[in-house]
Amino acid sequence: MNKPLRRISLFCGLLVLALLIRTNWLQYVQAEELSTRKENRRVQIAQYATERGNIIVKGEPITGSKVTDGSDYKFKRTYTDGELWAPVTGYASQAFGSTQLESLEDRILTGNDDRLFFDRTIGMFTGEKRQGGNVVTTLNPDAQKAAFEKLGKNKGAVAAIDPRTGAILALVSTPSYDPSRFAGNSKDDEKAWVELKDSEDKNLVNRALRETYPPGSTFKVVTAAAALEHGVVSDINAATDTPEPYFLPGTKTVMVNHAQGCEKASLNKALEVSCNSVFANMGDKVTRDKMVETAEKFGFNNDKIDIPVRAFASIYDKKMGKDGNAQSSIGQFNTAATPLQMAMVTAAIANDGKLMKPYMVDQLQAPNLDVIEKHEPQEMSRPLSAANAEKVQQMMVNVVQNGTGGKAKMNGVTVGGKTGTAQHGEGNKKRPYAWFISYAEMPDKTSPVAVAVVIEDSDADREDISGGGLAAPVAKAVMEAVLNSQK
Amino acid sequence: MSVVTNTTTIGAIELPSRRNTELLLLGFAVLIPMFAYANVGLAINGTLPPGMVLYGLGLGALAGIAHLVVRRYAKYADPLLLPLATLLNGLGLVLIWRLDQSERLQNLAKRAFGGFSPSAPRQMMYTAVAIALFAGVLLVLKDHRVLQRFTYISMAGALVLLILPVIPGLGADVFGAKIWISVGGFSIQPGEFAKIVIAIFFAGYLMVKRDALALASRRFMGLYLPRGRDLGPILMIWAMSLLVLVFENDLGTSLLFFGMFVIMLYVATERTSWIVIGLLMSVGGATVVGATASHVKVRVTAWLDPFDCYATSGACEQVGQSIMSFGSGGVLGAGWGQGNSDLIGFAANSDFIFSTVGEELGLAGVMAFLLLYGLIIERGVRTALAARDPFGKLFAIGLSGAFALQIFVVAGGVMGLIPLTGMTMPFLASGGSSVLANWILIAILIRISDTARRPAPAPAPSPDSEMTQVVRPS
């Protein structure tokens, strides 16, 4: 009977071998895939198993954690002034995932980051509970609050940058949402989530980074920069050859001016009263390709602007015809920009032509507050020379002093700005977008703040919607807040 | 190790008994679970568990008693079986204790049964009873061949055991499987014991009938087909196993019995045709049952794609969770007490206890456990090879074959290698019947191996040698 016994033992060996192969397959070959499957709740359990680190604004945490009982997820995220900071923090929800800083810096916040390996190892021996690191932002709470309060019930967004470094000072989107409302995984959280997700106001959209609008007349500063850079204009006070009426190149369509006195107006005058014809003419003369070149130096057509939250690409069409280019030069047609992009344009001009890479995470801190990463300001590009930047600045100051941007005027501070009222909708039927971009200059000629404001919709009558009227006061409040907080 | 001397020219040299080896290994088998226990306590509560010393002493005392009984009553037994069983049982206790600490399972139990009672103390008690039974078997059963006398009584006994759970009032339907009976507050799984009893019947029956089955057959298409009257019992067993499956929703047990019978038949008759016939029949049976019985169909679907029905019906939730816990464990595992294998739910400490090994000890731990089981099987098969009597050979191979099949069916099920059957990992899973039955199984293997390795008794003094004595001059 021994021969069949030996075969049976071989068979038993094969059974065990099959199991050994299977476990290697599951735990080695497929381990990564299985452990990160969407059905695998362990990922989220680990994410909320320890107290998350905080997102910090000017030394104060704007996030927190609290223990949730009777749930797989031990800690729940809380937010201080959630609506105010939502465009900065994003959300971290036990049930609905996470976005923006909460998602991008998740490994620091949970303490899983490789750079925290040493802390974790020490903690393992000292028996300390695992903690998350902190994310220190560049935001200015006064500017953020000013923008949020001034926007009020209007639908809109504000982006403010420190032109000298690229640090983001304010990032507001209204109407906003409170991420605390759906941070857990209860029925109430789900209700709040569904409500927000399906809301007509698109509360969850970060308008400052993730929504593009036709920039309208604010784009004229880009066209002016391009005209100066490419030698189409050298004296901003010299008359241009713009006829009245001005026909779009190759068409019989008149470029309508809402302003008076645009015929042969100088660049300075044209910006002051916002002549469409002059800038359409300039854009045409610069030519499409050179317009694209300058716009791209300002950050247009770049879908990789990470601050570190990725902003949508702003568009300056590379393939349109001459008439399209002329229209695009006044910020209509295919031109589209995020509020961040227009803030970058303003910042580059205010910073004497040097565009600093925008960022909003200043430091990443280990749980013991050691700095594990610090952002160093980086130059992104030079869209225009210092001399030309000086000229555009002069024109923008003139807009505030004598032109459409009067409402941004501040006592004792030089302010440069540009209004914009962008048509949109089929046949321009919808309410126009009100834009305002501006910067404030200190006596030493440096600018601590550049801001872009867009108001998508408001209760004002159509006739009253204008960048100068609606958006400029918001920009002024933000600039004041920044200047005051620096005193 | 003294050499027995007598007056014969050929002295019988006593085999080494290896009892001291066993004692040393037992030391490790108690020490390793103690470390594991300390590890779980530190991971979950940050302190050494208060019962640690008591636990170590308890396990050590049980192992010591078992060892003394073996030393006294089965001197020549295989030295590995007892330490292996002790180690697995000890680690099983730690795993169960670890799952007792899970808040998630506690809440689940409170919601489902209105209260939570930890399983580890009960398991400890069952272990004590099981080791007492182990000792009892070795004390009472001086020679395994005695069991031959009970061939037909065991058949009847096995049938009764299998049918018990279906009897109304006695059987308890737990989560759809009718494999328990509850007596005076205790639930017993008769199938676990039936495994041993039926092996006695098979071994006794086949020992008698092996020649008839092997030789009285007709050749048909290259296969030796036995006569109908000899084929009767195998058909009966097949039908019985199918019935068990159909009435008790117990795919695993039916597979186990059938596999065990085919293995023993093959060993007894040395005819490969039995393997072929057995395979054909089981495939046939499985196809029919798989296509008709709805709960089997569900399990097959869950096996084919564990994540397909995950969101929709939840039927594959358990298998999916189990596979993910293996995947999340990775190579080194999350560490004792630091995984989330309790996500599997109420079966985490019974059917799916191996998933906890997978997640918390990782690939390394799972392989170690599989090798421990593999060693038990290997020692069992070795015992069968060494046994001198056909009954002992058949009995030992039947038990070890069944053990191997059970490991394969359970581990393969929770790892998604084969459809899930709902059996428990021997020694690891929470449950009294399983612990008791498997300790009895080990006791029997130890008894057979003792008989097999026992040196032949010294021959009686030979009268011839007396004859050649030098006659002293008077």
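Which residues does Phe395(B) touch, not counting residues up to four places away in sequence? I found Leu147(B), Ile196(B), Ala199(B), Ile200(B), Ala203(B), Ile444(B) and Ile448(B), where contact means heavy atoms within 4.5 Å.

**Entry 1. Conventions**

I worked on a predicted model, in which local features need pLDDT of at least 70, side-chain atom pairs count only at pLDDT 80 or more, and totals for chains, interfaces and linings use all residues. Residues are numbered from 1 along each chain as its sequence is written, chains are lettered from A and ligands numbered from 1 in the order in which they are written, and side-chain values use heavy atoms, with hydrogens and water left out.

**Entry 2. Nonpolar cores**

I next looked up the cores. A nonpolar core is a set of buried Ala, Val, Leu, Ile, Met, Phe, Trp, Tyr and Cys residues joined through side-chain atoms within 4.5 Å. Buried means under 20% relative accessible area, exposed over 50%, and partly exposed in between, with a 1.4 Å probe and protein chains only. The largest core has 145 residues, and Phe134(B), Leu206(B), Phe354(B), Phe395(B) and Ile446(B) touch the most other members. Helix H14 (residues 390-414) of chain B gives the most to this core, with 16 residues. I took helices (H or I, at least four residues) and strands (E, at least two) as DSSP runs, numbered from the N terminus. A second, separate core holds 86 residues, including Leu248(A), Met291(A), Ala295(A) and Val309(A). In soluble globular proteins, nonpolar side chains tend to be buried together.

**Entry 3. Chain A overall**

I counted 18 helices and 20 strands in chain A. The C-alpha trace of chain A spans about 110 × 55 × 40 Å along its principal axes. Of the 487 residues in chain A, 56% are buried. Among contacts in chain A with a separation of 6 or more, 68% join residues 24 or more positions apart.

For confidence I read pLDDT, the predictor's confidence in each residue, from 0 to 100. Chain A has a mean of 86, and 95% of its residues reach 70 or more. Among the elements of chain A, helix H1 (residues 2-29) has the highest mean pLDDT (94) and helix H7 (residues 117-126) the lowest (74).

**Entry 4. Cavities**

How many cavities of 30 Å³ or more does a search of the whole structure find? The search finds 2. On a 1 Å grid over the protein atoms alone, a cavity is a set of points where a 1.4 Å probe fits but cannot get out, and lining residues have an atom within 4 Å of a point. Grid points are joined across faces, edges and corners, and a volume is the space filled by probe spheres set on the points.

The largest cavity holds about 140 Å³ of space. Its lining comprises 17 residues, with Gln189(B), Gly191(B), Glu192(B), Asp250(B) and Thr253(B) nearest its centre. Helices H7 (190-215), H8 (228-248) and H9 (251-269) of chain B each supply at least two residues of this lining, and H7(B) gives the most, with 4 residues. By class I noted 7 nonpolar, 6 polar and 4 charged residues there; Ala, Val, Leu, Ile, Met, Phe, Trp, Tyr, Cys and Pro count as nonpolar, Asp, Glu, Lys and Arg as charged, and the others, Gly among them, as polar.

The second largest cavity has a volume of about 40 Å³. Residues lining the second largest cavity include Ala86(A), Gln100(A), Tyr177(A) and Asn206(A). The lining of the second largest cavity has 6 nonpolar, 5 polar and no charged residues.

**Entry 5. Single residues**

- Thr240(A) lies in the loop between helix H11 (220-229) and strand S10 (246-247) of chain A. Thr240(A) counts as buried because its relative accessible area is 9%.
- Thr294(A) sits in helix H14 (residues 288-298) of chain A.
- Is Met442(A) buried or partly exposed? Met442(A) counts as partly exposed because its relative accessibility is 25%.
- Ser154(B) belongs to helix H6 (residues 151-163) of chain B.

Methods. On a 1 Å grid over the protein atoms alone, a cavity is a set of points where a 1.4 Å probe fits but cannot get out, and a pocket is an open set with protein on both sides within 12 Å along at least five of seven lines; lining residues have an atom within 4 Å of a point.
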